[in-house]
Amino acid sequence: MTPDEMQALVERLYPLCRSITGDGVRKTLAIVGEYLPSLRAHEVPTGTHVLDWEVPREWNIRDAHITDIATGERIVDFRELNLHVVGYSTPVHATMMMEDLAPHLHTLPDQPSLVPYRTSYYAETWGFCLSEETRASMGDGPFEVVIDSTLEDGHLTYGEAVIPGASDREVLVSCHVCHPSLANDNLAGIAVAVALAQRLREPHHTFRFIFAPGTIGAITWLARNRERVDSIAHGLTIACAGDEGQIHYKRSRRGDAPIDRAFEYVLQGRPHTILDFSPYGYDERQYCSPGFNLPVGSLTRTPYAGYPEYHTSGDNPSFVSPAGMSDTLETLWETVQVLERDRTYLNLSPYGEPQLGRRGLYASLGGRSDTEQAQMAMLWVLNLSDGEHGLLDIARRSDLPFATVAAAADALRDAGLLKELQP
Amino acid sequence: MTPDEMQALVERLYPLCRSITGDGVRKTLAIVGEYLPSLRAHEVPTGTHVLDWEVPREWNIRDAHITDIATGERIVDFRELNLHVVGYSTPVHATMMMEDLAPHLHTLPDQPSLVPYRTSYYAETWGFCLSEETRASMGDGPFEVVIDSTLEDGHLTYGEAVIPGASDREVLVSCHVCHPSLANDNLAGIAVAVALAQRLREPHHTFRFIFAPGTIGAITWLARNRERVDSIAHGLTIACAGDEGQIHYKRSRRGDAPIDRAFEYVLQGRPHTILDFSPYGYDERQYCSPGFNLPVGSLTRTPYAGYPEYHTSGDNPSFVSPAGMSDTLETLWETVQVLERDRTYLNLSPYGEPQLGRRGLYASLGGRSDTEQAQMAMLWVLNLSDGEHGLLDIARRSDLPFATVAAAADALRDAGLLKELQP
Amino acid sequence: MTPDEMQALVERLYPLCRSITGDGVRKTLAIVGEYLPSLRAHEVPTGTHVLDWEVPREWNIRDAHITDIATGERIVDFRELNLHVVGYSTPVHATMMMEDLAPHLHTLPDQPSLVPYRTSYYAETWGFCLSEETRASMGDGPFEVVIDSTLEDGHLTYGEAVIPGASDREVLVSCHVCHPSLANDNLAGIAVAVALAQRLREPHHTFRFIFAPGTIGAITWLARNRERVDSIAHGLTIACAGDEGQIHYKRSRRGDAPIDRAFEYVLQGRPHTILDFSPYGYDERQYCSPGFNLPVGSLTRTPYAGYPEYHTSGDNPSFVSPAGMSDTLETLWETVQVLERDRTYLNLSPYGEPQLGRRGLYASLGGRSDTEQAQMAMLWVLNLSDGEHGLLDIARRSDLPFATVAAAADALRDAGLLKELQP
């Protein structure tokens with residue numbers, strides 16, 4: 001998947017009105033499924049108990065507008081931008097004066113040209129989001145106020161795609177799919193996840209991609225997969241993956257999980273910021289709740305609420321770029337390569353150095369003052385393969401490239417000098 | 001107790017001739033008892049074995065002077081300043097020439113106008129302390145040399161005031177009361193302790209205030225309370241509490257006891273110095289001896305031996321101030337508030353986030369890019385309440401105010417989401 | 001042994017043609033034995049299995065040269081410099097043209113006046129080392145090419161000198177003796193080790209000096225002493241001990257072994273560099289292999305491969321100096337003093353401070369604002385002697401000189417207040 005194809009996917013998904021339930025999510029998963037044939041959509045009925053929560057009623061919307069009765073003009077029109085309706089708004093069909101309408105209007109006075117994004121999943125209400133500029137232009141009414149929505153028993157929908165690996169240890173990649181027309185948050189994250197999935201070929205780990213509505217979706221997946229979580233070796237949420245800012249990696253709650261160390265290692269050579277875990281942000285909140293405490297970090301460019309366009313109409317496809325998503329993808333890919341090759345070995349000849357020369361592993365002409373990296377890597381792997389250090393630990397400790405260390409370990413293992421320890 | 005009342009207490013206690021035993025301590029405790037009605041004086045007989053020590057004979061003094069026989073002038077006069085006599089001096093009544101008197105005279109040649117403070121508790125001797133200026137003005141004699149003291153079997157006296165709390169876990173506050181006319185060391189410390197005790201109202205912890213002679217007093221208390229020390233959750237010695245210098249907190253021997261972390265937290269926003277434990281200073285030496293190893297820190301302004309007036313006549317009531325004592329008290333009070341409210345909870349709904357909105361704990365309108373501190377605090381408390389983190393840990397980790405975190409925990413506990421773990 | 005005597009020993013050993021086996025090592029050990037009468041030479045037969053290795057055939061050489069047949073001139077002459085022959089070269093007696101000879105010639109094009117040092121222990125070959133300048137002056141031949149060597153079953157030789165101590169806990173000092181005419185690497189190291197051994201008088205630890213060929217010698221010693229290694233409390237390889245560079249101490253694999261902490265402590269006051277362990281360098285590679293993981297550090301001045309003369313004819317006796325070796329020796333000696341005196345004690349009177357005055361351990365006149373280091377040291381030793389801290393730990397924590405702390409501990413032990421804990 002090329003950078004331009006990622007951008008095209010963002011633009012294709014952008015107009016859909018996603019929410020935590022409803023047909024917007026279903027259509028999104030159908031499109032993602034064109035790229036990932038193994039994607040399965042799961043439907044979980046309203047009222048299902050999931051951890052401390054309950055699957056809510058399903059919300060769908062066909063149209064909404066505020067029309068100036070005097071002029072017949074649609075002043076606020078859902079068909080132009082789905083952010084105009086507060087998510088989960090109950091149906092309305094009324095004629096109102098501004099006096100009564102005003103409490104239902106949301107604007108951003110400090111960003112007068114932008115439309116905010118608002119939802120009210122768990123408290124029944126309705127409302128419109130509009131720019132402060134539009135708001136200022138509205139008179140006293142009367143207005144025709146229409147929200148043609150339904151809030152009924154139905155299902156919560158999430159998608160799951162599994163790419164089987166040689167090992168049943170899993171890498172979890174999770175994206176939220178509940179945001180309507182917001183590009184960086186999180187269509188860019190979805191596009192990067194899809195591109196990663198397409199690139200994987202017979203991986204070592206089993207990779208599991210989750211496309212689920214934020215919070216309730218992750219909670220639903222966790223509730224239905226409590227046994228499976230023990231197989232998760234590494235995990236990641238991806239969001240805000242396409243803006244111009246530098247990469248931010250937020251550590252898992254554990255703080256030193258292998259994925260935390262892998263990102264720290266890969267990011268050394270790039271502009272980046274590493275953040276400690278906090279219980280806010282994306283669905284790492286759920287995966288890293290203390291009962292699960294999974295090794296799940298979070299990859300973004302500019303993080304949560306860190307840019308003025310965040311959760312506004314300014315977060316449209318022009319706010320993300322092929323280059324931004326591509327940089328996120330390549331950073332992620334390099335990290336995945338480390339996770340895929342990282343192993344912990346046991347030196348089977350731990351007393352003194354084994355004679356590498358006899359096994360063809362060492363240059364035979366001694367006394368030279370330079371030493372090859374490959375030979376240094378063998379010595380490091382032998383010395384630290386005591387069961388306490390993995391290959392990434394050894395690469396960090398020795399300041400040798402991870403790939404060199406991994407290649408040295410392969411050679412030593414093939415020579416019968418190392419045994420892989422199971423995690 | 002106002003700052004001025006603390007100063008008045010210092011001035012009232014200043015003239016008394018305290019030592020490690022004797023009526024000066026008894027009179028001091030009687031005055032303290034006017035402020036703290038629960039204060040009890042304990043009398044421990046001479047010869048009582050206390051840990052590795054023995055309670056010494058009791059020392060009392062009525063008068064002392066060096067009089068120039070030629071002029072009849074009292075050159076050195078105990079009635080003017082009780083520092084003039086070396087503490088625990090044996091009785092003397094003699095006529096002496098300077099030649100014989102000189103070995104018994106102590107001055108500070110580098111601070112010629114100041115009178116030093118000297119004692120000799122455990123080696124029988126006698127002596128006078130005087131300014132170098134006075135010493136230089138003295139002729140060859142003859143002098144009438146009088147020390148009207150007694151050193152006899154009697155008692156060691158210490159005071160103890162207990163303010164019962166909801167918990168039988170105790171906070172120990174210890175001040176030495178053996179120094180004669182020295183204001184900062186330690187009448188200011190006594191005044192701050194008294195003010196703290198007066199301010200406590202139905203505390204969570206039981207507070208125990210010890211007013212005891214240095215070293216032998218703390219050792220005596222420890223010897224008589226070996227069972228009780230297991231109840232001490234937090235402890236503090238207070239000294240040098242009224243000078244103009246900045247606050248110094250000296251860590252307990254443990255180095256990361258809750259009281260150490262509480263002071264570190266509270267002092268962040270104030271000029272201060274934090275010192276590692278050392279086995280010198282005040283009675284934290286005894287409380288932090290390796291057999292007891294109690295979580296007892298030490299609070300001072302300018303610490304032990306850190307100011308030129310230390311252990312001289314320069315440490316008089318004008319060396320301390322209402323403002324200095326008040327600042328010490330408020331710092332201490334803030335720390336006490338943290339210790340009083342700090343708890344370790346267990347999240348009873350640790351799998352995923354519990355649904356706070358359903359419980360009225362969370363704003364219902366989602367999608368806003370700002371988040372209230374109170375809600376962040378709830379998320380932090382839930383996430384870290386795994387039995388390994390207390391509220392102060394959570395405040396430090398989250399960079400949220402302790403009071404906000406504690407209030408969040410109260411709300412979550414009241415909603416049945418947290419269970420308090422007993423320490 | 002004076003600095004000049006160390007230099008004289010280097011110069012005496014310099015001409016011998018050492019290798020990993022053969023008479024050069026035997027002659028070296030015979031000379032060292034003149035200084036250390038307890039030195040024993042061990043002979044281990046060719047073919048003996050030692051850990052993962054096998055003792056190789058013994059190599060000896062009498063003469064070697066490349067002679068220009070036209071002029072009769074010895075262009076390259078082993079009798080002038082033994083580096084001219086690749087170590088372990090098989091016998092040759094041939095007339096060759098440059099075309100055939102060239103693959104057997106080794107030079108340093110970037111250091112055209114220096115002769116490199118090369119060996120080929122485990123791949124049978126032969127070769128000459130010469131300066132690039134000499135190489136450039138040679139014509140097409142014919143040349144008489146002679147290496148009068150033997151490679152036959154025989155023995156590997158290493159030396160061992162033991163200085164018995166009061167304790168059977170050992171200090172291991174190991175030097176490689178396989179390098180021919182190279183002064184800093186490692187005749188200077190040998191000289192410093194000999195000087196240390198001579199200076200020891202009834203030590204606390206048993207000191208064991210190993211003079212063995214690099215790699216195979218240490219491996220042979222380890223194979224024959226697998227039981228003994230449990231007695232090694234501290235160990236050190238010494239190399240490159242005489243150049244002008246500053247001291248480098250390389251930590252043991254453990255990283256915080258007592259010898260690591262002792263060197264860190266002693267080096268504080270000197271120009272130095274401390275290096276983390278790496279599995280390259282000298283025989284610490286073998287001692288610190290993960291199966292043994294001995295507390296063996298490495299002491300050098302400029303370390304392994306860190307100077308242009310390294311492994312060339314430039315590393316001759318003028319490259320080292322009496323001052324350089326003396327500085328290495330004195331640093332080592334000071335560290336040995338710390339290791340010899342370091343102990344872990346248990347305070348037998350841990351509840352409160354014991355009464356030092358009664359035991360004559362404390363100045364009796366109290367109230368003075370200055371405190372003697374010796375008394376502070378006693379308080380520190382008492383406070384930290386809980387079984388978790390040794391005297392070096394206490395010196396570091398208290399910022400008092402180690403000797404002061406050790407003297408305080410002696411006084412307290414003599415007073416019956418401390419009991420030594422066995423390591």
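This is a predicted model: local features need pLDDT of at least 70, side-chain atom pairs count only at pLDDT 80 or more; totals for chains, interfaces and linings use all residues.
Residues are numbered from 1 along each chain as its sequence is written, chains are lettered from A and ligands numbered from 1 in the order in which they are written, and side-chain values use heavy atoms, with hydrogens and water left out.

**View 1. A:Thr90 in its loop.** Look for A:Thr90 between β5 (74-77) and β6 (92-96) of chain A; strands here are DSSP runs of E, at least two residues, and helices are runs of H or I, at least four, both numbered from the N terminus. With a relative accessible area of 13%, A:Thr90 is buried (under 20%; exposed is over 50% and partly exposed in between, with a 1.4 Å probe and protein chains only). Setting aside neighbours within four places in sequence, A:Thr90 touches A:Glu124, A:Thr125, A:Trp126, A:Ile147, A:Ser149 and A:Leu151 (contact means heavy atoms within 4.5 Å).

**View 2. Chain C laid over chain A.** Within chain C, the C-alpha nearest the axis belongs to C:Asp256, 13 Å from it.

**View 3. Helices α5 and α9 of chain B.** The axes of α5 (residues 183-199) and α9 (residues 322-341) come within 10 Å and cross at roughly 45° (lines fitted to C-alpha atoms over the stretch in contact, with angles from 0 to 180 degrees between N-to-C directions). So α5(B) and α9(B) are oblique to each other (under 35 degrees is roughly parallel, over 145 roughly antiparallel, 65 to 115 roughly perpendicular, the rest oblique). Residues making the contact include B:Ala188 and B:Arg199 of α5(B), plus B:Glu330 and B:Trp333 of α9(B). By class, the contact has 10 nonpolar, 1 polar and 2 charged residues (Ala, Val, Leu, Ile, Met, Phe, Trp, Tyr, Cys and Pro are nonpolar, Asp, Glu, Lys and Arg charged, the others, Gly among them, polar).

**View 4. Helices α1 and α5 of chain C.** Here α1 (residues 3-13) and α5 (residues 183-199) have axes that come within 9 Å and cross at roughly 130°, so α1(C) and α5(C) are oblique too. On α1(C), the contact is made by C:Met6, C:Leu9, C:Val10 and C:Leu13; among their partners on α5(C) are C:Leu187 and C:Ile190. This contact has 12 nonpolar, no polar and no charged residues.

Note on methods. Copies are superposed by least squares on the C-alpha atoms of residues with pLDDT of at least 70 in both.
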